[in-house]
Amino acid sequence: MVERAEPIAPARTGFPLLPVLRRMAAMPLKDPFAFTGLLIYVLFVMVALLADQLAPVDPLEILFTKTGKLAANVPPGAEFWLGTTNLGRDIYAQLVHGTRSALAVGLSAAIIVSTVGTVVGLVSGYFGGAVDAVLMRIADMALSLPFLPFVIVLTGFLGADTSNIVLAVALLLWPNSARVIRSQVLTLRERAYVEAARVTGASASRILFVHIAPNILPLSFVYAAIAIGWAIITEASVSFLGFGDPDSVSWGMMLQDAFSSQALSRGQYAWFVPPGLCIILVVVAGFFISRGYEEVFMPRLRGR
Amino acid sequence: MKLILERFVHNAVALLAVITILFFMFRLMPGTPLAAFINENLNADQQQAMLEQFGLDKPMWQQYFIYLGNLLQGEFGLSFFQRRSVTTILLEVLPNSLILTLTSLIIAYIFGVLAGAWLAWKRGSWIERAAVPAVLATRAAPEFWIGMVLLALLSFNAGWFPSGGASSPGLAYANNWQRIASWDYVHHLALPVLTLALYLQGLPLLLMRSNMLEVMHEEFVTMARMKGFSEWRIVIQHAARNALLPVVTAFALGVGLSMGGNVVIETVFSWPGIGRLLVQAVSVHDYPLAQGAFLMIALVLALMNFVADLLYMVLDPRVSHGRKG
Amino acid sequence: MILEVDGLQIEYATRAGAVRAVDGASFAVPEGRIVGLVGESGCGKTTAVRAIMGVLAENGRRAGGRVLFKGQPIDEATTRKHLWRDIAYVPQSAMNSLDPVYTVGSQLVEVLTRRGNASMRAARARAAELFDLVGLSESRLADYPHQFSGGMRQRAAIAMALALNPSLLLADEPVTALDVIVQRQILDMLRDLQQRLRLSMVLVTHDISVVAYLCDDVVVMYAGQVIESGPVREVLNRPRHPYTMGLRNAFPDLMSDALELVPIGGSPPDLSEPPAGCRFAPRCPFALTACETTPAFIANGALRTHVSACLRDAETDTLRTAALDPATWQRSSNYAMS
């Protein structure tokens, strides 16, 4: 059976933020999967930061062999670790530099989604009434829009800019976290210590941000971690369909490139398999971390 | 019942919101406001017809209601590049999308439910501990990438399956039903369905497993043990029957969600469905066709949300039979 | 004796190590009698009774002792043939003791056909009979569990337990979640059924007034062990163990005016590291140093006689008088908390 962890009641100072943060920081140490996820994230961040050192070649540069011919479709070897595209571009360099765009998309979407979702959830759950009704109707509308088609239509007509993609993803993903956080706030609102705070005259914003918000924090992280993965996959899908930013190097763009240049029929696995694997790794890492925070928030009685 | 009506209204309002958003989005596209329905590709007669049908010379708010009226009659306008009714085009490709979606979901859910229940039974074993991350990995992979890999391996490399489309060139059929039932169609359907099923099975599997684990701790399962029932009866008749409820509603929701998500699968396999149509229409800025395709997908989504609500009401006695006590 | 529990030990494997929820409990149930098994929550009474049914949680196991049904030993392996046919269980008024997706009638029929080998027609007839027995209308057979009120659900649970004509009924807090009026009705019904069907019963409860109202004999458990047992009038009117004395003070009698409520200070020991001596010593107003080092529990239960595990049993009359004074307990509650 699922049992909610007792929310951390405020200490003498009335500020539960530190204990919550401590519990959240300690989580990966207890959960091996979350720890692996964290490691993967750290790895990719390092690669993104050191991209220029790890792959000093310009990923979009068209390369030529020593004899002056186009270095097209060179198989993986000592010179080009993953080979080259049909236009003579270094696949390994593209993979490494693609990390940057992936993380940028993922992180910005995650920040927007979790911020908006948390704030809406807090406000909606705590104040209730008309505010709640309006916000939840808006959430419903966002949820009834078909996800990928909407992103396609938006980028197809507004322009193939990565920020458009991030915007579209954020617009459609925040309702999920908002709803769950809202229902948690509804429960927390009735707790004894919140009542006590209200009775002693604490202002609404104080109650919200000092007492309730810290207990919601793990949930925000859960949805942030999930949003990273969703955003990366969506960006990859949109790029694959040809609506991505043509000037940026991303894993989705690599897959689109491979597909349209018949890499599949040529069996150039080194071209299209690695980007997919990278996506899987980053998204799975997000799943593991989000599951870890779910445990912090609602431990399941395992009885082991 | 009042509940049914309430859910119907709720979903209808959501759909209306989508339609409205779409209406304004397309009006704000670059170009004249007429650009949503008229293009120089259409001949003069067609342009005039569109002008009248959608009241493009009238004020915005009037256009909105005319638009709604047209939608109710199934009129989406004319495709700029195919120069024929969008509705006709949509209905031609809709069966392909439906067959792809339904076949994949049915396979994915049957597998997922059985595997999920089995994994729940194998709680604590190494199989379970290895299987859960593996399943998460299938949910982490982009659908189209799975498709690409399968395409490369099983079609281009091994030659077992065709590499795209819904039928081989040069084949003729008496009617649509014969075409769909033909071996050639199924042969073309195989890889897309395999890809989609592989991607989709993760949800029912994890859901069923997690439901089973919860249900097995319920008091009525313990009571069933005390009554001396066989493990089989407890797991299937009692535990699974309860655990299945959310999975069935998830299936209905999955149909709606898949119609939108299939966009990429249909592109990888050149499967002539609504998703691929949408992508093509957007690329060439064929606004009426793009609108129509988008709305059709949104309609299926809203419809399936409603069906999911209905299913939940029908299958859970706690909802369909109110308290009398 | 229809049931004999002898030195039963039940262990749970938890993250904190093995916990003995039941540690050497012994009692016996004479045929045709209602035995109350009483103690506060966590004392192991529910665990003991579920262990008799052979149904424990995933991480639980029987670590020692034996259970004899009509003289034959039963354990998880051998229990199955007795389940429900000879020994049945009445649960607490848990919302979920019946499967929510099937009608109550169909679940009765299920037990009758699958475990009772009845035909469908005979099963349906019997189901109607059972409902009649517990005072439920036959039309209710077609209803779902959530459509029953708390009291009705308990009646249905009793009907379910009696389906295969068992000789022993284990009832786990059957009236705890009900309001007082309904409690009385259900208890009266249980007494009536017990007499008519000549059942033996074990009634698990933390409410000593229920024991006073319904039971013939009582077994008092504390921290996984039995510390007093005997005929109910004797144990309740002249308790010999300080814990029982304290318990009695803490509950209003069903039949007479409420006495002054005097709670026992402190709380039961942590069973992952049980104390060496008498487990009640930390909270006992009469504890001596010897009590903290000498184990004190009943190792074999005879029930016709009134026995107590207290080391100061010889002075029991003096202690009993002192126990009637609330001041005794206030002093000990200070002691227990220090």
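Helices here are DSSP runs of H or I with at least four residues, strands are runs of E with at least two, and both are numbered from the N terminus. On that basis chain C has eleven helices and eleven strands. This is a predicted model, where local features need pLDDT of at least 70 and side-chain atom pairs count only at pLDDT 80 or more, while totals for chains, interfaces and linings use all residues. Residues are numbered from 1 along each chain as its sequence is written, and chains are lettered from A and ligands numbered from 1 in the order in which they are written.

Chain B goes another way on secondary structure: 14 helices and zero strands. A residue is buried if 20 or more other C-beta atoms lie within 10 Å of its own, with C-beta atoms placed from the backbone. Two residues are in contact if their C-beta atoms, again placed from the backbone, lie within 7 Å.

| Chain | Span of the C-alpha atoms along principal axes | Buried residues | Contacts 24 or more apart, among those 6 or more apart |
|---|---|---|---|
| Chain C | roughly 65 × 45 × 35 Å | 50% of 338 residues | 68% of contacts |

**Where A meets B**

Here 35 residues of chain A are in contact with 36 residues of chain B. On the chain A side, helix 5 (129-144), helix 6 (147-158), helix 9 (204-240), helix 10 (251-260) and helix 11 (269-297) each supply at least two residues. Helix 11 of chain A gives the most, with nine residues. For classes, Ala, Val, Leu, Ile, Met, Phe, Trp, Tyr, Cys and Pro count as nonpolar, Asp, Glu, Lys and Arg as charged, and the others, Gly among them, as polar. By that count the side of chain A that touches chain B has 26 nonpolar, eight polar and one charged residues.

**A helix pair inside chain A**

Helix 6 and helix 9 of chain A pack at an angle of about 55 degrees, with their axes 10 Å apart. That makes helix 6 of chain A oblique to helix 9 of chain A, oblique being whatever is left once under 35 degrees is roughly parallel, over 145 roughly antiparallel and 65 to 115 roughly perpendicular. The axes are lines fitted to C-alpha atoms over the stretch in contact, and angles run from 0 to 180 degrees between N-to-C directions. From helix 6 of chain A, A:Leu148, A:Val151, A:Ile152 and A:Thr155 meet A:Thr234, A:Ser237 and A:Val238 of helix 9 of chain A. This contact has four nonpolar, three polar and no charged residues.

**Where B meets C**

The contact takes 19 residues from chain B and 23 residues from chain C. Helix 10, helix 11 and helix 14 (317-320) of chain B each give two or more residues, and helix 10 of chain B gives the most, with six residues. The chain B side divides into five nonpolar, six polar and eight charged.

In helix 10 (residues 219-226) of chain B, B:Phe220, B:Thr222, B:Met223, B:Ala224 and B:Met226 are buried. The buried residues of helix 10 of chain B pack against helix 11 (231-268) of chain B together with strand 6 (87-90) of chain C. Just after helix 10 of chain B, B:Gly228 takes a positive phi of about 85 degrees.

Technical notes
Buried ≥ 20, exposed ≤ 12 C-beta atoms within 10 Å, placed from the backbone.
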